[in-house]
Amino acid sequence: MADSPLIRWLSALGSDDTGLVGGKNASLGEMIAGLGAAGIRVPEGFATTAAAYWAFLDANDLRRRLTETLAELHNDGSNLAGVGEAVRSMILEADFPDDLAKAITGHYVEMRERAGRDDLDVAVRSSATAEDLPEASFAGQLETFLNIRGDDALLDACKRCFASLFTDRAISYRAEHGFDHMKVALSVGVQRMVRADKGGSGVMFSIDTDTGFPGAVLINAAWGLGETVVQGMVEPDEYHVFKPLLDREGAAPIIEKSLGSKNVKMVYGESGESETVETPDADRHRFVLSDDDILQLGRWARTIEDHYGKPMDMEWAKDGDSDALFIVQARPETVQSQKAAGSFKSYRLKETGTPLARGLAVGDAIAAGPVCRLSGPDEIDRFQEGGVLVTGMTDPDWVPIMKKAAAIVTDEGGRTSHAAIVSRELGLTAVVGAGNATGQLEDGTDVTVSCAESEEGLIYEGRLDFDIEEIRLEEIPKTRTKVMVNLGNPAAAYRWWRLPADGVGLARMEFIIGNMIKAHPLALLRYDGLERDVQRQIDDLTRAYDSRTAFFVDRLARGIARIAAVHYPRPVIVRMSDFKTNEYAELIGGAGFEPAENNPMLGWRGASRYYDGPYRDGFRLECQAIAKARNEIGLDNVVVMIPFCRTLEEADRVNETMAEFGLERGKDGLEIYVMCEIPSNVILARQFAERFDGFSIGSNDLTQLVLGVDRDNDRLSHLFDERDPAVKSFIGSLIVDARAAGAKTGLCGQAPSDHPEFGRYLVECGIDSMSVTPDSFLNVKRRVAEAEQVNIVG
């Protein structure tokens, strides 16, 4: 059928038609027409126009009736539920005028003919004419109906879409934002159904939703229809793709793959209605998307973002019959993209606490208040303003309560669930997917909800003290001396993307191993000799991977890559594992592979583990992970650093071993640094500089060994001081000799932050860089600038 004032084919629509068919449908048409040539697949279909909506109202004398009923809404919203129910009932009880009904069913017939099927399933989606404006978000207000088949079912779904323009949340939102209820129309989009019930689906953003980091595409995925992800019914898989490397030949820039539990999925029931069923164990323990699928979606997200010229929020589906991917919705991202780019707030806990529950962090703030556990939104009278809302999951009916909360905690949901989306819109601290928070957090007890430490959100017992600092980027001075940051937690890396750091001076591999892998590498390699309970723990960790060693290499490589991506192309110096033997023994399966040492600080650690003895095979896996991060994922800004290298012979043996394992100094631009933490590194600095590209001064160990002070001995703590003349003499000597040999020098530690005069000394010596924790970066940067100015004046 040809287009009419009432119906338009999606392929005939574009972004300029928002007033005609709403933002959602206009965007679908824009993608079909403008991005089809780029290979982006969007299911075909049609949309009813705003004129069709008004024709429906006028045929049933609803404009007057709706206006009169909506006028009865109290300013405080106390009768919102009753007004909303009355308005929706009027629409649902009304009849379609004949011409509109024939236009809808006629286009549906043509869709069936095009598909060559008499029983074509369609998705029926609502699109408001004021929807998806950059300054507004209508997430969860309007209805979508899936697996609709037949003329009568289609007309019924269209009517229910019209009625969803008056959900309680939609009415409340328009009232608060000054939208006239009777000047907003509803367009219905009808698209060919993607058989995601047999495949998978989810949500993706072309920007990180919690930090605004623009370099990553965030993809959530679950089995079956996408409503489980949107509604927060499941913990989905999560993937991150680094956009700047998507065009590099041979690169596969997937910097995060996290397996979700995906306990349930939504499929078609025997009657054709959607139903939720348990996900089979085999599917729960494998990823929904292949690497090729992830990269394809990442490219599509970047292309869509480039086309619209703004960060985008998209929904995708994978057809289980054809294995083809489709984009089924795209709209502007409305939270992070609206934040001012010139400054950001940094939250920091000033004291430690006892964690009571944990889940996925939404945002990066901290809040505190009394727990209020609610089982449903009808318990709103029980909620105290400023409390911490704790519940299973949320939907649009919860919004009036959410607006009164200091923080929100839900048992279910991922970072793109309803609770997460609305919490970001409202600027609330939230932790989602917390498991059994409703059982672990007692009603009325004070808690602190922290999303400021990493991607993991923690709920602590009691009210903890915390700091809030606003950092204005234009106030950060430029310096000759590079000021870098120390990072070990990949999940926290995005939070600091706005800092103008000169790279990462210390990324601790052992932190990634301890938190993301958790198992001793030799336990993965010598699995058959382990006790059965240890084997079961390793089975749980590795079941999504082809092999246990693939698990280690992949998890470590992507953890490194995530840190490196935030600072790309600036250098990110990754220190190979520097656990002490007692720390290695604490990893799963580690006790059987580590000796008991009286003084692990001076024992079998650092370089001595790498080239000989039982750990050599574990070091091989570390090298493979570095190679994967640099060569396969594409983050070639990764620099390798060797810790605790005692002798020149040891340096040679480590370099030979690394070359054997695929990491050859100078090949493909690979630089290898050495930690300077032993007096021999300083005394023989020129010789070490022949073997390494740079030195990173580890001031704690160097102070310990220069002064002969055990840094963990409380009785000797008054003697442990990096500012001691002997320690400073060693550091100054190293900087001079390294510069003469053409090697770079840096210091990673808190001494420049804790002792401003020590930072000035480093500047005077001409050190190339300092690396400090992100929360002390600003102060150190300012002090370095002041010290450099004094040197210039002097």
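**Figure 1. D61 sits in the loop between helix 2 (50–59) and helix 3 (62–70).** Helices here are DSSP runs of H or I with at least four residues, strands are E runs of at least two, and both are numbered from the N terminus. This is a predicted model, where local features need pLDDT of at least 70, side-chain atom pairs count only at pLDDT 80 or more, and totals for chains, interfaces and linings use all residues. Residues are numbered from 1 along each chain as its sequence is written, and side-chain values use heavy atoms, with hydrogens and water left out. D61 isn't a glycine, yet its phi is positive, at about 50 degrees. With a relative accessible area of 39%, D61 is partly exposed (buried means under 20%, exposed over 50%, and partly exposed in between, using a 1.4 Å probe and protein chains only).

**Figure 2. K262 is found in the loop between strand 9 (254–258) and strand 10 (264–268).** Here's another residue other than glycine with a positive phi, this one near 45 degrees. K262 has 0% relative accessibility, so it counts as buried.

**Figure 3. A cis peptide bond runs from Y568 to P569.** Its omega is near 5 degrees. To find P569, look in the loop between helix 17 (548–567) and strand 25 (572–575).

**Figure 4. Helix 5 (residues 98–115) crosses helix 6 (residues 151–163).** Two packed helices are described by the angle between their axes and the distance between the axes. In this pair the axes come within 10 Å and cross at roughly 125 degrees (axes are lines fitted to C-alpha atoms, for helices over the stretch in contact, and angles run from 0 to 180 degrees between N-to-C directions). That angle makes helix 5 oblique to helix 6 (under 35 degrees is roughly parallel, over 145 roughly antiparallel, 65 to 115 roughly perpendicular, and the rest oblique). On the helix 5 side, the contact (heavy atoms within 4.5 Å) is made by A101, I104, T105, Y108 and R112. Helix 6 brings D151, L154, L155 and C158. Sorted by class, the contact has 6 nonpolar, 1 polar and 2 charged residues (Ala, Val, Leu, Ile, Met, Phe, Trp, Tyr, Cys and Pro are nonpolar, Asp, Glu, Lys and Arg are charged, and the others, Gly among them, are polar).

**Figure 5. Helix 4 (residues 80–92) packs against helix 6.** Their axes are 9 Å apart, at an angle of about 150 degrees. Helix 4 and helix 6 are therefore roughly antiparallel to each other, and their crossing is right-handed. R88, I91 and L92 of helix 4 meet K159, R160, F162 and A163 of helix 6. Those residues split into 4 nonpolar, no polar and 3 charged.

**Figure 6. K345 is part of strand 14 (residues 343–349).** Is K345 buried or partly exposed? Its relative accessible area is 46%, so K345 is partly exposed. Leaving out residues up to four places away in sequence, K345 touches D364, I468, E469 and E470. K345 and D364 are 19 residues apart along the chain, with 8.8 Å between their C-alpha atoms.

**Figure 7. S423 lies in helix 12 (residues 418–426).** S423 counts as buried, at 0% relative accessibility. Which residues is S423 in contact with, leaving aside its neighbours within four places in sequence? They are V362, M402, I408, L428 and A430.

Technical notes. A crossing is left-handed if the near helix is turned anticlockwise from the far one by less than a right angle, and right-handed if clockwise.
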